[in-house]
Amino acid sequence: MQAFIGLGSNLDQPAQRLISALCALQRMPGLQLLHHSRLYRSAPIGPQDQPDYVNAVALVRFAGAAHDLLHTLQALELAGGRQRLRHWGERTLDLDILLIDDQCINTPDLQVPHPQMVNRAFVLQPLLEISPHALLPDGTSLGSFLEQVREQRLSPLEELDCDALIE
């Protein structure tokens with residue numbers, strides 16, 4: 001299966017944390033990192049008394065089931081020093097499954113498509129960067145949601161180039 005993964009961090013050198021997470025994805029058995037976006041800086045959603053986030057989106061191929069991927073990503077978060085101090089608050093590393101092929105999953109621990117992805121510029125812009133014609137499982141173009149998030153502050157980080165991760 002192929003999945004889009006959202007990456008985010010705003011604590012303890014967030015850009016470096018995302019680059020390390022992308023490298024870890026590349027080395028993970030049973031998972032192949034196919035592509036990833038640039039890194040983007042975004043304003044926080046939720047409490048505003050926290051640092052800006054650094055975000056990216058990766059496309060991976062995974063040999064297991066959706067919940068296996070979820071557990072793999074949660075283990076990577078923990079290994080990366082995962083801290084979640086408050087709802088929508090600061091985080092050392094956050095890895096979210098955004099889409100898996102054309103699947104719809106709704107369980108207590110996993111919702112695919114990610115329920116907030118169409119409301120977040122920091123998800124849509126990097127995802128569309130690596131897959132310009134991406135669709136929701138119902139066939140709706142993700143690009144059709146860009147207009148409603150255009151007011152959200154988002155800027156590419158020019159000083160970091162993580163394209164060298166995929167050889």
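Me: Where is D101 placed?
Reply: In this predicted model, D101 is in the loop between β5 (94-100) and β6 (105-107).

Me: Is Q13 buried or exposed?
Reply: Q13 is exposed, at a relative accessible area of 61%.

Me: Back to β5. How many of its residues are buried?
Reply: Six of the seven residues of β5 are buried, so the strand is largely enclosed by the rest of the structure.

Me: In what sense do β1 and β5 pair, parallel or antiparallel?
Reply: The pairing of β1 with β5 is antiparallel and runs over six bridges.

Me: Which residue in β5 stands opposite F4?
Reply: L99 in β5 is the residue opposite F4.

Me: Changing topic: how many residues of α3 are buried?
Reply: Eight of the 10 residues of α3 are buried, and the helix is mostly covered. The buried residues are A121, F122, V123, L124, P126, L127, L128 and I130.

Me: What do those buried residues pack against?
Reply: The buried residues of α3 pack against β1, β2 (31-36), β3 (40-42), β4 (53-62), β5 and β8 (154-156).

Me: Where is the cis peptide bond that involves P113?
Reply: The cis bond joins V112 and P113, with omega about -5 degrees. P113 is in the loop between β7 (110-112) and α3 (121-130).

Me: One more residue, E77. Where is it found, and is it buried or exposed?
Reply: E77 is found in helix α2 (residues 66-79). E77 is buried, with a relative accessible area of 8%, because buried means under 20%.

Me: What lies 2.7 Å from a polar atom of the side chain of E77?
Reply: The backbone nitrogen of L95 lies at that distance from the E77 side-chain atom.

Me: Which residues does E77 touch, leaving out those up to four places away in sequence?
Reply: With those left out, E77 touches R82, L93, D94 and L95.

Terms used:
Residues numbered from 1 in each chain as written. Predicted model: local features only at pLDDT ≥ 70, side-chain atom pairs only at ≥ 80, totals over all residues. Heavy atoms only, no water. Helix = DSSP H or I, 4+ residues; strand = E, 2+ residues; numbered from the N terminus. Buried < 20%, exposed > 50% of the residue type's maximum accessible area, 1.4 Å probe, protein only. Pairing = 2+ DSSP bridges. Contact = heavy atoms within 4.5 Å. Polar contact = N/O pair within 3.5 Å; in protein donor to acceptor, adjacent residues only side chain to side chain.
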